[in-house]
Amino acid sequence: MSNPNPNLETKEINLVDAEFTAAPQEAYQTLVRHCPVGTILGTGSPVVSRYEDVRWALRHPEVFSSEMDVHVGLGTERPMIPQQIDPPRQTLYRKILDQRFSRRRVMEIEPRVRAHANQLIDSFIEKGECEFDAAFAIPLPCQAFLELMGLPVEELDLFLELKNGIIRPPVKYADLEGAQEYRRKTGRRIYDYFEALIDQRRADPRDDIMTHLVTTELDGRRLERAEILDICFLFLLGGLDTVTASLGCNIAYLAVHPEQRRRLVEKPELLDGAVEELLRWETPVMMVPRLVKQDVTIGGEKLGAGTMVSLLIGAADVDDGEFEDADSVDFERERNRHLAFGGGPHRCLGSHLARMELRVAMEEWHRRIPDYAVKPGETPRYSPGIREVQYLPLVWSLGKEAES
Ligand code: HEM
């Protein structure tokens, strides 16, 4: 067989294969066209890939529930709020959280994000090279998120250690028990950290999201300590990983597609379209898990109540049943209803923040460093699950084209 991933005979897909993670789009399209409900190699768990099926599942939490035991595997002691609970309870939490992540709130910090982007670029531009993830993609969005939350920016390394300890525990790949134990211990450290911060903010309120969480009211009552902790746990994972991942994927794409990069540099008005199109094409959060609550037929397959499934939003986003010329990256695409931020009631809370950060980061980067390439002889390295380009060595020469 020319393309062993996915394996069309067994309908299995290897989602952690390194080659796949670096460029998953062709394998996604094979899955969408030939087996809209496949299985994940190793776990045998079903994976739904067609756009219309994934979108339907996201919008029907009464059938595809977010309430499941997977939270235990993430080192938490209770489900994370609001991602691991279903409406109508989830809707109540979204009401109090959405206000703090509105477009208006996010625009207030845009000038500071822009200034920080330039400070970071100042620190390495003369060297003519950097490892993009460490030098730019990690610090820029993380600082913005910590500021909004009211968390000390000087403790960024600690927050990254805690976040990575849950998402990518530093144990051997097959050591599942070791990973579980590491996550459990890290989870406890996260709870302890935020326990102390809740007390501080109750005693000394400020204008930040931590203070909002300890003072806001839901149905006429203050949030309980456990509820605040379950929100903070999720924020730490959502706020510190995804924009970094998305920014790395975008710049890695543009580094190896100089003609697209030049268009963007020459026509900065294409930037908003480019951010959306690269979110679609790269879809950094490849999939989201759900628990089937009622027997259902989807993508021509019957799934029984109690089945754990993955909704492969990365595949849905390159489905040519929804997107015209799905495999061409078009910054001027007219209709782009991508699912990179999910859909339905759990649609990403941080999407305005993420879009602003991506736009500002890409605008400032290309204004200052318009021509860059992957360092000759080096290969970018992607992580599975959330596609972060953990190693992206770039080179440039100012005023001249950086050759790849
Ligand atoms: C490019 C960046 C981002 C991407 C691609 C992304 C992607 C997603 C996706 C796919 C979901 C849906 C999960 C599901 O249905 O189970 C989601 C939910 C969520 N995201 Fe994001 N996200 C990004 C940035 C952020 C940021 C910056 C925050 C900051 C707080 C954030 C916070 C959340 C939260 C709290 C939820 C859960 C919402 C709910 O369940 O009601 N995200 N995100």
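The model is predicted, so local features need pLDDT of at least 70 and side-chain atom pairs count only at pLDDT 80 or more, while totals for chains, interfaces and linings use all residues. Residues are numbered from 1 along each chain as its sequence is written, and side-chain values use heavy atoms, with hydrogens and water left out.

**Overall build**

Let's start with the whole chain. Its secondary structure comes to 16 helices and 15 strands; these are DSSP runs, helices being H or I with at least four residues and strands E with at least two, numbered from the N terminus. The chain has a radius of gyration of 21 Å, close to the 22 Å that the globule rule gives for 404 residues, so it is as compact as a globular protein of that length. That radius is taken over C-alpha atoms, and the rule is 2.2 Å times the number of residues to the power 0.38. Along the principal axes, the C-alpha trace spans about 60 × 60 × 40 Å.

Of the 404 residues, 54% are buried. Buried means under 20% relative accessible area, exposed means over 50%, and partly exposed is in between (1.4 Å probe, protein chains only). Take the contacts (heavy atoms within 4.5 Å) between residues at least 6 apart in sequence: 69% of them join residues at least 24 apart.

**The iron site**

The ligand's iron atom gets a single donor from the protein: SG of Cys348, 2.3 Å away. Donors here are N, O and S atoms within 2.8 Å of the metal (3.2 Å for Na, K and Ca), and water is not among the atoms, so sites may look incomplete. Cys348 sits in the loop between helix H15 (313-316) and helix H16 (351-368).

**Helix H3 and its neighbours**

Helix H3 covers residues 51-59, and its buried residues are Tyr51, Asp53, Val54, Ala57 and Leu58. What do they pack against? The partners are strands S3 (46-48), S4 (64-65), S8 (288-292), S9 (296-298) and S11 (308-311), plus H15.

S11 also holds Met308, which counts as partly exposed at 30% relative accessibility. Met308 and Ile369 are 61 residues apart along the chain, and their C-alpha atoms are separated by 45 Å.

| Bond | Omega |
|---|---|
| Ile81 to Pro82 | about 0 degrees |
| Pro87 to Pro88 | near 10 degrees |

Pro82 is in the loop between S4 and helix H4 (89-98), and Pro88 is in the loop between S4 and H4 too.

Then there are positive phi values in residues other than glycine. Lys11 has phi near 60 degrees; it lies in the segment before strand S1 (12-13) and is partly exposed, at 32% relative accessible area. Asp325 has phi near 45 degrees. Asp325 lies in the loop between H15 and H16 and is exposed, with a relative accessible area of 54%.
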